[in-house]
Amino acid sequence: MTILFDSIVEILIYANLAMFNILGQYFYMCGFSPFEVGILVAMIPAASFFSNPFWFRRKRSLSRNRLIAIVAAGTAIGFWGVFLVRPFLLKLALMAFTAFFSGAVVPISESYVMESLIHKQKKLDLPRMFGTIGYSMSSLMIGFLLKIDTVFLFTFSTVFLILVTILIRRLDQNVLITDNRRASLPPRTGSWKTFLMYLALACASILLISFNGTFLPQLIGQRHYDPALAGICFAVLSFSEVPFLLFAKKILRKMGTLLLLATGVLCISIRMFLTPFTNSEITLVLVQVLHGWNYIVIYYALFDYIHYELPIPYASKAQTIFWIGIQGLSFFLGSSLGGLLVEGIGLDKTYLLLSIGLFCVAVPLTAVAILKRMRESGIKRMST
């Protein structure tokens, strides 16, 4: 199977990401306030403003194996420091150190996976699906293990990082595109201005996903649900992405980038609006299934646009800005601003405020995207 090692690397980097995305529950279990939890979690996206440009520049001068080893080692050392210290300010300082390295694990690793797939003329859908499964299974696992001891969070993160460092070397077995095959690739007709518009939509919507990821464990705690429910919810929402990824190429071809983005934004607003109205563990879990048409459709549409639509000279710059936007700005505001709002107006009201605000953007956007797609379909029918 030509994409075997690409898929394994995706599994591992997203399994490690699951350890970081459940940090909200870990800090909540440590007894920190919502504002403190928000600030601690916000260190990772805040560091992305600096770490992603820094590490993508290093990517041009360092070998793949050396760069991944540095990023993984820095992440593991800093993460264990977070575990070993207790005071808030020390955890904050070590989270900032960890974030400088950990924020680059997915972008840098996935950029190597993407280069490998482009060389093989393969799409990201199947390897990314395996990444989703890795995230889902590790979220489910760590949700139960945290009830035993929080040390498992840090142990498994280290194991995943070591395996990424070892196995990403196998991506060197690339099949290079010949001149004839390169000439057969479709022309790149995307524009920088359109990309920035799409990215702005993505950032606005992923802000809510960041908020939910940080404060869903607190919602579970306030309602006295089983603490393992946080891991179950993260596993369910992650696994719900699999059906889309199975048919991602066909769906994108049918809907187009703008309509796919618009419906993803709309579905996020609906899911976040419904979350505070859930009145049992099972209904809270069921609402997470809506995530299957949330982050992943936005991520896939933008990632495909960068690597297959934008002219090649823009691709590297776009990739850096993409990760700064969705992993940096959106997740930083979702955690920090979310923490302030929760302190000020309460958790349920913050869910409603943010979801209604996004809904007001999503409805007209979806209508415009549908009309645009209908017009494009009509033009195609007339031309044939």
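**View 1. Arg128 over the ring of Tyr14.** In this predicted model, the charged end of Arg128 sits over the Tyr14 ring, 4.0 Å from its centre (CZ of Arg or NZ of Lys within 6 Å of the ring centre and within 35 degrees of the ring normal). Local features need pLDDT of at least 70, side-chain atom pairs count only at pLDDT 80 or more, and totals for chains, interfaces and linings use all residues. Residues are numbered from 1 along each chain as its sequence is written, and side-chain values use heavy atoms, with hydrogens and water left out.

**View 2. Phe97 and Phe101 in helix H5.** The structure holds 33 aromatic pairs (centres of Phe, Tyr or six-membered Trp rings within 6.5 Å; planes under 30 degrees apart are stacked, over 60 edge-to-face, the rest tilted). Phe97 and Phe101 form a tilted pair, with ring centres 5.2 Å apart and planes at 55 degrees. Helix H5 spans residues 88-102 (helices are DSSP runs of H or I, at least four residues, numbered from the N terminus). Phe97 is partly exposed at 38% relative accessibility, and Phe101 is buried at 13% (buried, under 20%; exposed, over 50%; partly exposed in between; 1.4 Å probe, protein chains only).

**View 3. Tyr299 and Phe303 in helix H16.** The two rings are stacked, with centres 5.2 Å apart and planes at 15 degrees. Tyr299 and Phe303 are four residues apart, about one helical turn. Tyr299 is buried at 1% relative accessible area, as is Phe303 at 3%.

**View 4. Surroundings of Phe322.** Beyond its neighbours within four places in sequence, Phe322 is in contact (heavy atoms within 4.5 Å) with residues including Phe195, Tyr299 and Phe303.

Terms used:
Helices (H or I, at least four residues) and strands (E, at least two) are DSSP runs, numbered from the N terminus.
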